[in-house]
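Please open the model in a viewer and keep the sequence panel at hand.

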Amino acid sequence: MILNSESMKPIYVQIAEWLETEILGESIKSDEKVYSQYQLAEMLNINPATAAKGLNILADENILYKKRGLGMFVSAEAKKIIAVKRRNQTLKSLVAELVREAEHLKVTEEELIAMIQEAKRELKGDS
Amino acid sequence: MYLTKVSLLDVVAKQFRFKLKSFRGMFTSLMLLQVMAILFSLGGEGGGGGGSDTFSYDMKFYSGNIIMAFMLIWAFISAIVVTTQAYRYDDYAFVANRLSSHLANILFLGWASVIGGVTFALASQSLKLSVLFLKDREFIESHPLTLLQMTEGLAATILYLFLFTAIGYLVGMLVQWNKIFMIILPGLLFGSLFLNVLLGSESTFVIDIGQFFVRETSFLLFTLKVLLASALTYGIAAWVSNSLEVRK
Amino acid sequence: MSVLEFDSVTKAYGRKKALDNLSFSLGENKITGLIGRNGAGKTTMLKIAAGFMKETSGDVRAFGEHPFNNLMVSANMIMIDNDMNMPTALDLEEIMASAADFYHNWDMDLAKKLFDYFSLNPRQTHTGLSKGMKNTFNAILGLASRCPLTIFDEPTNGMDAGVRKDFYRALLKDYIAYPRTIIISSHHLSEVEDILEDILLLKDGQQFLHMPVEELREYAVVVSGKEEAINSWLRGHEVFHKSDQAFGRSYAVIRNDLTDDQIGVAMKSGLEFSTISNEDLCLYLTSQEKGGIDDVFNKG
């Protein structure tokens with residue numbers, strides 16, 4: 001993972017999102033141990049407190065759970081929680097931006113839907 | 001959090017070791033001075049001569065006085081060097097406080113006096129030998145010394161050197177405290193000499209102080225006098241330095 | 001326990017106050033970045049903390065004791081700065097040996113490895129080093145001594161970019177292995193901020209901000225747009241900096257206490273929001289007056 005210090009997002013949010021992606025992609029499976037704050041700090045060259053903050057966000061959302069003295073583990077519902085969250089937050093705001101841009105360019109709703117369908121077809125064609 | 005506990009003596013010992021290494025240049029200058037002093041002394045200090053038709057003689061005195069004078073100046077100046085800002089700041093590169101710094105300095109200057117005393121004894125011996133070889137004369141010693149006398153002589157040399165380091169330390173600290181002392185102190189010294197000459201009196205203030213030590217015939221009392229005077233002088237120097245910043 | 005605590009500390013040089021009623025408290029085992037413009041009082045504060053200078057008034061505590069002339073504080077603290085004095089007679093290897101003698105936690109293995117890595121010469125004297133090399137060597141002393149309170153005052157001055165990066169990485173790795181309280185003062189916040197936990201911002205000898213560095217990132221926000229729109233919208237917001245740009249546009253840095261609704265309304269009226277780097281933010285927060293270098297040229 002490469003941190004983007006120019007990004008609007010704070011580093012701990014970037015860490016949380018990166019771990020989410022790793023969990024979604026099953027690089028880290030449920031009930032597996034995730035990196036400790038110190039491992040993250042060394043990997044990413046950041047303060048361990050910042051890394052801990054990233055982990056704690058995920059723990060607060062029940063994506064990770066703590067085992068006393070052992071570290072943090074991926075919860076069983078982790079993937080589901082992440083999927084729901086991304087749908088409600090990330091996707092929603094992306095759509096909102098899409099709609100705003102379409103409004104700006106006077107693209108009608110039908111045209112926009114057609115564009116989305118086309119993009120979907122292209123994605124399928126590629127894969 | 002684990003904090004290191006420290007004892008004053010422990011830190012003083014560490015600083016002393018540190019100073020032995022970092023002030024080693026002082027001993028180089030000591031050796032150079034002694035060689036120079038021996039060369040000066042080879043000329044002899046005085047003498048005379050005479051004779052008649054059948055024989056003539058000439059006579060010369062040689063002594064370690066010049067070497068001793070050089071070494072007292074060395075002790076004085078070394079102590080001043082120790083009080084200069086760069087050397088004081090060196091102390092605070094690592095662990096130190098004012099008291100440990102003064103104690104380590106005094107310990108070091110005491111050690112330097114011992115080295116000075118021992119090398120002085122050796123230097124005056126080498127002077128004797130040099131004279132014998134260079135002048136190719138029979139050697140007549142004026143007063144053969146007993147072992148006790150030699151030991152007392154060595155101890156007295158060391159004590160004198162130590163006294164001069166104490167005076168140098170005080171003078172150095174006064175100058176560090178206020179540069180005006182660079183003018184006042186020599187002024188006082190030469191002023192008192194000048195006044196005495198002007199008034200035509202026999203003794204001078206500076207010599208009077210010297211007499212206090214030189215005239216002492218009991219070795220024990222002499223030792224006490226020197227140590228007390230040195231302690232007092234070092235004490236005043238430490239007190240003066242209290243208003244100096246430790247490291248900027 | 002608080003490792004370092006300042007309570008209404010003032011340091012005056014004649015009539016000028018280098019520190020003016022400064023109060024803060026540093027928690028144990030945190031890396032704190034000390035930030036401020038030249039003359040903000042950073043070095044004075046650090047030297048008082050280290051016990052090299054005495055405060056004019058107020059109370060200073062390091063490990064619960066007054067640091068000035070204090071042997072316990074001295075033994076548990078090291079301050080690395082640009083004008084560190086080292087005896088001229090000693091070479092670098094001897095200086096390291098002396099440091100090992102003085103500091104209880106000294107790690108000679110680490111010191112030697114760093115020494116070789118940065119290609120220093122053991123026979124070299126301290127005064128013979130270039131500025132960058134001297135600071136590299138001093139930094140090694142600071143790391144290897146592993147003091148519970150380690151202070152670096154502008155440690156990377158004169159170092160080239162590669163050495164700076166290596167130094168901060170070495171600092172972080174050693175800190176993770178041996179946590180301790182570290183203060184780093186720097187002009188270049190951007191090069192240190194990632195390894196900091198807290199940030200302490202000084203301005204005119206006073207504490208301006210003291211917060212986790214991640215919170216600082218969300219402390220302020222940049223809003224830009226048409227001058228009239230900005231000017232009317234800015235009312236009621238705390239403005240840290242505002243400047244007018246070309247084509248009738250304005251740019252303002254404001255306190256980030258906005259609700260989503262406020263942002264939504266603002267965006268509808270054509271204003272744009274973006275974040276600001278911590279380094280730039282600190283510059284704006286500590287600038288002496290509103291405006292900037294451009295005003296110097298505009299007045300004519």
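Does Glu103(A) count as buried or exposed, and how many C-beta neighbours lie inside 10 Å? The model to be examined is a predicted one. Select Glu103(A), which belongs to helix 4 of chain A, residues 78-104. Glu103(A) has 10 C-beta neighbours inside 10 Å and therefore counts as exposed, the limit for that class being 12 or fewer.

**Chain A as a whole**

Along the principal axes, the C-alpha atoms of chain A occupy a box of roughly 55 × 30 × 25 Å.

Colour chain A by burial: of its 127 residues, 22% are buried. Among the contacts in chain A with a separation of 6 or more, 52% join residues 24 or more positions apart.

**From chain A to chain C**

Which part of chain C supplies the largest share of the side that touches chain A? Show both chains and select the residues in contact: 13 residues of chain C meet 14 residues of chain A. Helix 6 of chain C, residues 161-177, gives the largest share of the chain C side, with 4 residues. By class, that side of chain C has 5 nonpolar, 1 polar and 7 charged residues.

Chain A and chain B are joined by no contact, and their closest C-alpha atoms are 18 Å apart.

**Chain C as a whole**

The C-alpha atoms of chain C fill a box of roughly 70 × 40 × 40 Å along the principal axes. Buried residues account for 41% of the 300 residues in this chain. Of the contacts in chain C with a separation of 6 or more, 69% are between residues 24 or more positions apart.

Highlight residues 4-229 of chain C, for which UniProt, in an unreviewed entry, lists "domain: ABC transporter". Over this stretch the chain is 34% helix and 30% strand, and 47 Å lies between the end C-alpha atoms.

Strand 1 (residues 2-13) and strand 2 (residues 16-27) of chain C pair in the antiparallel sense over 8 bridges.

**Where chains B and C meet**

Of the 2 pairs of chains in contact, chains B and C share the most contacts. Select this interface: 24 residues of chain C are in contact with 27 residues of chain B. On the chain C side, helix 2 (71-75) and helix 3 (92-102) each supply at least two residues. Helix 3 of chain C provides the largest share of this side, 5 residues. The side of chain C that touches chain B comprises 14 nonpolar, 7 polar and 3 charged residues.

**The largest nonpolar core**

Which residues have the most contacts inside the largest nonpolar core? Select Tyr169(B), Ala49(C), Ile140(C) and Ile151(C), which hold that position in a core of 150 residues. Helix 6 of chain B, residues 147-177, gives the most to this core, with 14 residues. In soluble globular proteins, nonpolar side chains tend to be buried together.

For the last stop, centre the view on Tyr169(B). Leaving aside neighbours within four places in sequence, Tyr169(B) is in contact with Ala79(B), Val82(B), Thr83(B), Leu109(B), Tyr234(B) and Ala237(B).

Terms used:
Residues are numbered from 1 along each chain as its sequence is written. Chains are lettered from A and ligands numbered from 1 in the order in which they are written. This is a predicted model: local features need pLDDT of at least 70, side-chain atom pairs count only at pLDDT 80 or more; totals for chains, interfaces and linings use all residues. Two strands pair if DSSP finds at least two bridges between them. Two residues are in contact if their C-beta atoms, placed from the backbone, lie within 7 Å. Ala, Val, Leu, Ile, Met, Phe, Trp, Tyr, Cys and Pro count as nonpolar, Asp, Glu, Lys and Arg as charged, and the others, Gly among them, as polar. UniProt positions are given in the numbering used here, feature names are shortened, and annotations may be inferred rather than shown by experiment. A residue is buried if 20 or more other C-beta atoms lie within 10 Å of its own, exposed if 12 or fewer, and partly exposed in between; C-beta atoms are placed from the backbone. A nonpolar core is a set of buried Ala, Val, Leu, Ile, Met, Phe, Trp, Tyr and Cys residues joined through C-beta atoms within 7 Å.
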